[in-house]
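Subject: Handing over a structure

Dear colleague,

I am passing on the structure below, together with some notes on what was found in it. Please have it open while you read.

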Amino acid sequence: MKKLLLVILLMGFGQSYAQDLVPIPYFQRYWPFLFPPHLEPVVDPNDICVAGEDSLVEIVPTTLERNPKATYCKRSMDIVDTIVIHHSETPSSSTVEDINEFHLNRGTADDPWYMIAYHYAVTAPYKGDKKPESKIFQGRPLDLVGAHAGSDAFETIDEKQKKILEENPTSCGSDGGVFSPNTSMIIDGKKTKANNTSVGVVVIGNYSPFSRSNPNGYPKSKVRNPTPETIDMVARLSCQLQKKNPSITKIRWHNFYKATSCPGNIVKYIQTIRDKAGSYGCKFN
Ligand SMILES: [Zn+2]
């Protein structure tokens with residue numbers, strides 16, 4: 001009996017990567033009648049999870065809850081030209097699931113959020129700390145427009161991007177529904193929403209000083225900075241993204257677009273991220 005219990009426990013806690021690199025707990029695979037999975041594993045063909053020969057960094061696949069009632073937009077990856085760096089403003093111990101849950105609760109009843117706003121979430125210790133372990137997790141699939149640069153932030157588009165947007169427009173809808181082209185994605189013939197042409201990367205943690213609007217910021221005596229490993233990881237991710245999508249040539253940060261404390265002290269390392277990415281064979285401005 002004891003042996004049987006042990007086997008049951010091991011089966012329950014084990015993970016299988018057999019299908020499409022998305023982990024499915026054994027109890028869901030073998031006893032679906034007892035534990036019906038509430039989430040379908042989703043594989044994003046545009047994503048860069050699969051570690052190939054020239055892979056620079058491992059991306060941990062995730063199965064994040066989505067709000068089936070929420071509207072979201074799909075885009076052609078050929079219009080995407082920018083990576084936008086954020087910090088989460090949460091403790092560094094937060095997980096990608098925590099941020100996803102936070103964002104699922106962030107919308108209103110009329111306009112709920114679909115899932116995590118960012119395409120990648122990086123867990124990392126503050127400089128001088130040892131935890132948490134540095135890892136990159138998949139967030140929102142890359143071909144979905146993110147919700148991170150600010151809905152009132154815009155970017156100029158060139159003729160090539162304009163043509164792609166005209167021929168293969170960003171279209172919006174909800175799961176199980178019809179996706180319709182969003183004609184307001186080309187603004188004044190020369191601009192689009194910054195979210196439409198960017199990839200959101202969040203470093204989990206709070207890299208800004210304490211203030212009334214940032215009560216969980218660091219005290220003056222304990223300034224928080226990213227570790228060189230974190231900067232290197234973001235550089236590797238950026239370069240891997242460019243290798244897969246050569247149209248991505250810019251690295252920006254949240255308060256490039258609007259007045260916000262995000263991404264805190266990480267902003268001081270943007271040029272280092274670009275330079276590091278350069279050492280891996282990429283070119284960013
Ligand atoms: Zn931000």
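Asp188 belongs to the loop between E10 and strand E11 (191-193), and its phi is positive, about 55°, although it is not a glycine. Most residues other than glycine have a negative phi.

Glu89 also has a positive phi without being a glycine, in this case near 65°. This residue sits in the loop between strand E5 (82-87) and H3, and it is buried, since 21 other C-beta atoms are found within 10 Å and 20 or more are enough for that class.

Please keep in mind that the model is predicted, with a mean pLDDT of 86 and with 81% of the residues at 70 or more.

As for the protein overall, its secondary structure comes to seven helices and 13 strands, and 36% of its 285 residues count as buried. Among the contacts with a separation of 6 or more, 72% are between residues 24 or more positions apart.

Helix H3, which covers residues 96-104, has Val96, Ile99, Asn100 and His103 as its buried residues. Seen down the helix axis, these fall within an arc of 100°, so they line one face of H3. An α-helix has 3.6 residues a turn, so residues three or four places apart point the same way. The elements that cover the buried residues of H3 include strand E6 (120-123) and strand E7 (135-138).

The loop between E6 and E7 contains Pro132, which is joined to Lys131 by a cis peptide bond with omega at about -5°. A cis bond also runs from Cys262 to Pro263, with omega near 10°, and Pro263 lies in the loop between helix H6 (254-257) and helix H7 (270-279).

Lastly, three strands form an open sheet in the order E4-E9-E10, with antiparallel pairing. Strand E4 (72-74) and strand E10 (180-181) stand at the edges with a single partner strand each, so one side of each has no neighbour in the sheet. Strand E9 (residues 171-173) is joined to E10 by two bridges, and Ser171 has Pro181 as its bridge partner in E10.

Conventions:
Residues are numbered from 1 along each chain as its sequence is written. This is a predicted model: local features need pLDDT of at least 70, side-chain atom pairs count only at pLDDT 80 or more; totals for chains, interfaces and linings use all residues. Two strands pair if DSSP finds at least two bridges between them. Helices (H or I, at least four residues) and strands (E, at least two) are DSSP runs, numbered from the N terminus. A residue is buried if 20 or more other C-beta atoms lie within 10 Å of its own, exposed if 12 or fewer, and partly exposed in between; C-beta atoms are placed from the backbone. The arc is that of the directions from the helix axis to the C-beta atoms. Two residues are in contact if their C-beta atoms, placed from the backbone, lie within 7 Å. pLDDT is the predictor's confidence in each residue, from 0 to 100.
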